[in-house]
Amino acid sequence: MSTVLRPVFGALLCCLAVSPLQGQSLLSAWGLGLPFVATDGRGVALGGIGVGLIGGELSVVDPAASARLPVPSVAFSFQSSWADYQDTNSSGDYSGTRFPYISLGYPSRLGTVTLSFGGYLDQRWSSSTSRLIELDGVGGTGRVTDNFRSDGGISTVRIGVARSVTPDVDVGIQVGRHIGDVSRVFTRTFDSLDVGGTIEAFRAGGRWSYRGWLASVGAAADVGSILRVSAAWTWAGDLEAIPDENTDGAGEVFALPSELRVGATAVLSPQLRATIGAHHSGWSTTDEGLDEGGARDTFGWGGGVEWAGLSVLGKASRLRLGYRNTPLPFTTDGASDPSESVFAGGLGMDLLATQGVILARLDLALERGLRDAGSFEERFWRLATSVRLSGF
Amino acid sequence: MKRAWMVAGLVSASWGLLACEEVTPTSADGGLLPLEPRTVEVVLSFEDFAEQIQAYEGYGTASEVFESVLADDYVGVLDSRVVSRYVVFPWSASVRDSTGTLRADSAFTFVGGYLVARFDTTGTNLPTGPVDIGAQALPQGFDPPTASWTVAVDTINDLQLWDQPGAGGGVDLGEAVWDPAVSDSIVIPLDSAQVALLGDTVDIGDGVRFDLRTPGVRISLIDTDLRLLARPNIHQDTTVTLSASGTVRTFIYDPVPLPTSDGIRVGGAPSWRTVLTLALPEAVTAAGSLCSLVTCPLELTPERLTSATLELTTAASEAAFQPADSLFLDARPVLAPELLPKSPLGSSLIGGLGVGIAPASFADGGSQTVSIPLTAFVRALVNDSVTDKVRDVVLLTPFEPLSIGFGSFEGPGSAAPPTLRLILTVSDTVEVR
């Protein structure tokens, strides 16, 4: 590996080791967690749908996108977010960085073979409260601090192949697994002054690992030289949550939804493109497996524009603006249905290109978003960085 | 080209470093807690948690105690004397001859000496003023581990009583005044005849008895030395100071404390231990309104047991045997109760030095409650998957014997009997969703 690449992979390993899927929202506590789309900084800045982009060759959610990948490539992304929330009785802030995806593509005689690992559901959150409880039945009280911590999430690992069936039509297929685990631990600690000595904390909880199959097909077509349309459909099998040997809680099986994503990019001028897309996820199928709250189908949309007439540090660059609005699938008793709306801006730089092939690309996206569910509001800034390297 | 790759690398690396600082999304109002455990406190009376209690004495000997005790009619009861023997007299001395050369001389003559005794000035065993301390050459030998007020030697097939109880008799070696406000030691000079009584290189004597000659006092003796003044054969106008070594020491006292009938006693020299045999109920009932929170009777399970502490109330020890310093209380499982009082014991249930109790807690009016954590022990008792259950727990001092003083606690028949305080937490199972 060249000395130039070492810091890149060093940073990658740092995130993999420290925070493979860090929590970024308190809404991760609802249902199976907070869904997020494993897409790059370009996709984030152009509406977040992740399909139908021109040049989005290593998209995790678009199986056909890599059909025209000219050289072996790797792409990965980081997302750092800073959020604060406000609810009726509490408020707070938090920050975190997560690793949305890494994807590799390798052109072959069959087509482009892809291998990707990306996030799917974020389940990292905690809740803590301190209060007085009656201990002895005759008025004696003690202060306890209750803490619950959920740490983990669900990811996808996919292998796929994509190829062009005609000069204007690409198709792709992926198969993969939902994987991951979650630790859910309740802890009650006692104030030593109130109970007359040090008492070890009461703990209950366990760890579950997740397993499930998924498959995805997609197709993309160029309509003349001014429009590219794309669609991807993902089927997901049942998700098994398997407790480990030290866990008292039961195993569960959750039905995961099928998902349809469609998107299109129109070339408005040689330097200006517009993208729009939508997705539908049948999350209501998951509702039956949830003991708390519920789940509903979601239909989200997003879009953006990209202007390519820019040069930064002497490199061909693009400015992007986008917006998306997405209902969140999981609901909870006594709260309004949650949704997320995000404005985004971004910058893309072709760091190295030769003979029309981009060998190194950097995409940045800055998002300002709001998640709300009645009295609960969560506002966040999020900065996404993605890098694609080719020709290694 | 290199510059472009460098930009990509630096941006990614800086992002990676940023990733190392995380603040988990946390709700502060508790509304997201998936559980609502109920915690209740249950206090079991002695009859409800224990089957029997038994105090045992005789662990260790007074000769193992770091500080020996001197007492004369202390609180009108206690007499205690220290007997010490110096078993290695010097064989040679290094002396310069007339040419200034250092030579070993083994043909020296003892012309005198002195006894040194050092006392503890930091504990509560301190007299209020100067006290007289005397020394006598013992009229007969003794065995430090088995010597007592009436017995000099009590080994296999060898029982020898003192000619007079308390190692009395013998030749007086002199006395000295110890003023704790001035020093921590005394010196008793010896002439050559007195040194001869204590032995010489080839004929070790029987030893020395130290006694306190000021009534109503109890003090702690840390160490004694025998220093010998010798005149060398090769340089007879010189006197050299040599030390006897290999000191063995014990203290003998009278009376010995009476056995306790139903009380709890820990410490002393030899030490006391108290063994409790636990017999826990399968279920307990919470007091007052707490049964509205949990289903009563509440089954005892290891998962529910958050804390178990043995609550003891200190009682006044016999005045002569009240601890002079903090008493530390340990608890250990009795692994083979059928072998008591010599059963092997398990590891400490408390750890460290145990629970420290101030000496004033064992004086009249100093009663206080002491909590002994037994959570792990009780949890194993109520765990059905544990087959070889240990039901007996012994209360003892972590070091035995530590001092002549012992700690007393109210027994089952008293006004403040031992109780077992349980804190139980009842909770549903945490599920994945």
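How much accessible surface does chain A have, and what share of it belongs to carbon and sulfur atoms? The accessible surface of chain A comes to about 15400 Å², and 58% of this area belongs to carbon and sulfur atoms. Accessible areas were computed by the Shrake-Rupley method with a 1.4 Å probe, and for residues only the protein chains shown count as cover.

The model is predicted: local features need pLDDT of at least 70 and side-chain atom pairs count only at pLDDT 80 or more, while totals for chains, interfaces and linings use all residues. Residues are numbered from 1 along each chain as its sequence is written, chains are lettered from A and ligands numbered from 1 in the order in which they are written, and side-chain values use heavy atoms, with hydrogens and water left out.

Chain A contains three helices and 20 strands; helices (H or I, at least four residues) and strands (E, at least two) are DSSP runs numbered from the N terminus. Its radius of gyration is 23 Å, close to the 21 Å given by the globule rule for 392 residues, so chain A is as compact as a globular protein of that length. The radius is taken over C-alpha atoms, and the rule is 2.2 Å times the number of residues to the power 0.38. The C-alpha trace of chain A spans about 85 × 45 × 40 Å along its principal axes.

Of the 392 residues of chain A, 55% count as buried. Buried means under 20% relative accessible area, exposed over 50%, and partly exposed in between (1.4 Å probe, protein chains only). Among contacts (heavy atoms within 4.5 Å) in chain A between residues at least 6 apart in sequence, 64% join residues at least 24 apart.

Thr114(A) lies in strand β4 (residues 112–122) and is buried, with a relative accessible area of 10%. Beyond its neighbours within four places in sequence, Thr114(A) is in contact with several residues, including Ser66(A), Leu104(A), Arg158(A) and Gln174(A).

In chain B, backbone geometry was considered next. Most residues other than glycine have a negative phi, and most peptide bonds are trans. The peptide bond from Ala269(B) to Pro270(B) is cis, with omega near -5°, and Pro270(B) is placed in the loop between β20 (264–267) and β21 (271–278). Another cis peptide bond runs from Glu400(B) to Pro401(B), with omega near -15°; Pro401(B) is found in the loop between β28 (392–396) and β29 (406–409).

Asp73(B), in strand β4 (residues 68–74) of chain B, has a positive phi near 55° and is partly exposed at 38% relative accessibility. Asn157(B) has a positive phi of about 60°. This residue, Asn157(B), lies in the loop between β10 (151–155) and β11 (158–161) and is exposed, at 81% relative accessibility.

The largest nonpolar core has 50 residues, and those with the most contacts inside it include Leu70(B), Ile133(B) and Phe251(B). A nonpolar core is a set of buried Ala, Val, Leu, Ile, Met, Phe, Trp, Tyr and Cys residues joined through side-chain atoms within 4.5 Å. Strand β17 (residues 217–231) of chain B gives the most to this core, with six residues. Apart from this core lies another, of 40 residues, among them Ala50(B), Val294(B), Ile372(B) and Val393(B).
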